[in-house]
Amino acid sequence: MTQDAIRIEGLRKTYGGTGRTPAKEALKGVDLTIPAGSVFGLLGPNGAGKSTLINIMAGLVVKTAGKVTIWGFDQDRNPRQSRAAIGVMPQELNLDPFFTPRGALEVQAGLYGVPKSQRRSDEILKMIGLEDKAEAYARTLSGGMRRRLLLGKALVHDPQVLVLDEPTAGVDIELRQMLWNNVRRLNRERGMTIILTTHYLEEAEEMCDEIAIINKGEVVARDSTDNLLNHLDARTMIIQPDGDAAQLPQAPGVEVVRREDGALALNYRSGQIAADDVLQAVRDAGIRIRDVRTEQADLEDVFLELTRSR
Ligand code: ADP
Ligand code: MG
């Protein structure tokens, strides 16, 4: 067992730049390590470079410079072993319309050199809920079924690292739940390292142990999900006054909003004013506090803060 599932050093990628296509620097020197056994989220706006990063790991895109190590194997020195350690569910639905789900899984297993005796097509079909579609042509499958089949294809060689590129973009809630249940189970029961990109911040918040935020080809933050959320010092204190609050609390750095239910929302930054001083301002306004709670910033705020004005 290695300690890092993925190690990326000084990774650069420039597309084009030959002939008439202008050069596009999609990755500008990315360093990133992803611990084995984790569920790791790669977040960033459209065009940030997430798919480029993933496709380089998968060996689908050739890097311009840098070093990629997968499960301890250098991608350049041990291409076969590093490729065997990773399975990728790509962003696009690139399925051959003439294969059946079972056929697609068998062909994929063949590509990865999995011997017939070790193939697990039935088990995978069951897991992705396509047993009764095993012999149907891919072109007759719904979009959701095709996505599930892509997940199945990523698993044929039983990789240590599973990478999912926007697996739930545009899919319905039911399929999203199913995908996440599968992914959770692979992580918990088999210890599979999961790397995913998503646009849904709540999803990353709920699913991921650690997160890297990537913007314009650079990693702008990388931390545990909890720490990323704690770093942000915007706080909201919700005060339920005992009776009417005739006078609103006043303190520098505190913005007060009266809510419809009579509660007062006090927005402040914990780096600017202590919670105790916020409470004191409430008492100074002659307000008796019946109930108090705080609202934390969420990942959306972190994301905006980190990608704004860059
Ligand atoms: P993301 O997945 O975060 O949306 P991508 O990795 O797909 O980002 O793209 C990063 C940047 O590289 C974008 O500006 C995109 O237009 C560009 N890009 C991606 N693939 C290609 C390609 N095959 N040729 C030229 N430019 C590309
Ligand atoms: Mg992408």
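Predicted model: local features only at pLDDT ≥ 70, side-chain atom pairs only at ≥ 80, totals over all residues.
**View 1. Pro90 sits in the loop between strand 6 and helix 3.** Helices (H or I, at least four residues) and strands (E, at least two) are DSSP runs, numbered from the N terminus. Pro90 is buried, at 14% relative accessible area. Buried means under 20%, exposed over 50%, and partly exposed in between (1.4 Å probe, protein chains only). Residues are numbered from 1 along each chain as its sequence is written, chains are lettered from A and ligands numbered from 1 in the order written, and side-chain values use heavy atoms, without hydrogens and water.

**View 2. Ser51 (OG) and Gln91 (OE1) coordinate the magnesium ion (ligand 2) at 2.1 to 2.4 Å.** Ser51 lies in helix 1 (residues 50-57) and Gln91 in the loop between strand 6 (86-89) and helix 3, so the pair ties together parts 40 residues apart in sequence. Donors are N, O and S atoms within 2.8 Å of the metal (3.2 Å for Na, K and Ca); water is not among the atoms, so sites may look incomplete. Ser51 is partly exposed at 21% relative accessibility. Gln91 is partly exposed too, at 29%.

**View 3. Arg83 lies over the face of Tyr112, at 4.6 Å from the ring centre.** The rule asks for NZ of Lys or CZ of Arg within 6 Å of the ring centre and within 35 degrees of the ring normal.
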